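Please read it with the structure open.

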Amino acid sequence: MSEAAHPAEEPVNRHAFGQVTLLALFVTALITAQLIAAKLLAVPLPADLPVVGAAILLPGGAVAYAITFFASDCYAELYGRRAAQVMVNLAFAMNFVMLGLLATALWAPGADPEFSATFAEALSPAGNIVAGSLVAYLVSQNWDVIVFHRIREYTDGDLLWLRNVASTATSQALDTVIFVAVAFAIAPNLLGIGFALPMGQIVALIVGQYLLKLLIALVDTPFVYLVVGAVRD
């Protein structure tokens, strides 16, 4: 076959490459956060903090989930509000695809019953965690995109650091309060799924998680500038 039949491929456009990369990062971090959310982590602190105590308690997926806000802020800055909202809401639907595929693997008969039991114990999603995650995600991620672009409009596109920190800080606050309230109070008490925590532990869980998420929001700001600059230049 002649060379003319195989026209030379155009080099990958940096704008398109950035879009695909951020989409992939967002969905990967989101699905990972959902899969490992059931494990409760205890991050030790050098000293006791009021309310929080000697350790920050947070779901195993907290760090992975924080990455989704980094990805969505980069995406919103580069590709606009509408594109960011499409990404957020389409990724929400992908949660159900993941849960369906996971359920298929859990229900299918395994060759090794002992390993199958261990597999199911490790990966079976807790109903209260799933409920809390989905409700918190839908509210906080859409809030993040809206606040990011409101600030962008008010500042005429300047002060990227301000909209990154402000949108992430407020959306993470919403996410933390909604997730903990639904997963450890509303779902157990009203729906009868999962286990309820005492109010003191709920408050400690909210405060500790939010402090860590706020720190991540501050630390990721230079990386937002780096990604946006690399794709735009």
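1. Angles under 35 degrees count as roughly parallel, over 145 as roughly antiparallel, 65 to 115 as roughly perpendicular, and the rest as oblique. Axes are lines fitted to C-alpha atoms, for helices over the stretch in contact, and the angles run from 0 to 180 degrees between N-to-C directions. Helices (H or I, at least four residues) and strands (E, at least two) are DSSP runs, numbered from the N terminus.

2. The model is predicted: local features need pLDDT of at least 70, side-chain atom pairs count only at pLDDT 80 or more, and totals for chains, interfaces and linings use all residues. Residues are numbered from 1 along each chain as its sequence is written, and side-chain values use heavy atoms, with hydrogens and water left out.

3. Helix α1 (residues 14–36) and helix α5 (residues 127–154) have axes that come within 12 Å and cross at roughly 150°. The two helices are therefore roughly antiparallel to each other. On the α1 side the contact (heavy atoms within 4.5 Å) is made by Phe26, Leu30 and Gln34, and on the α5 side by Ser133, Leu134, Tyr137 and Gln141. These residues comprise four nonpolar, three polar and no charged. Here Ala, Val, Leu, Ile, Met, Phe, Trp, Tyr, Cys and Pro count as nonpolar, Asp, Glu, Lys and Arg as charged, and the others, Gly among them, as polar.

4. α1 also packs against helix α2 (residues 62–79), at an angle of about 155° and with the axes 8 Å apart. This pair, too, is therefore roughly antiparallel. Residues in the contact include Leu22, Phe26 and Leu30 of α1 and Ile67, Phe70 and Tyr75 of α2. By class, the contact of α1 with α2 has 16 nonpolar, six polar and no charged residues.

5. Is Asn95 buried or exposed? At 0% relative accessibility, Asn95 counts as buried (under 20% relative accessible area; exposed is over 50%, partly exposed in between, with a 1.4 Å probe and protein chains only). Asn95 lies in helix α3 (residues 81–107). Leaving aside neighbours within four places in sequence, Asn95 is in contact with Leu30, Ile31, Gln34 and Leu134.

6. Strand β1 (residues 40–49) and strand β2 (residues 53–59) run antiparallel and are joined by six bridges; two strands pair if DSSP finds at least two bridges between them. Ala42 has Leu57 of β2 as its bridge partner. Three residues lie between the strands of this hairpin, where Val51 takes a positive phi near 75°.
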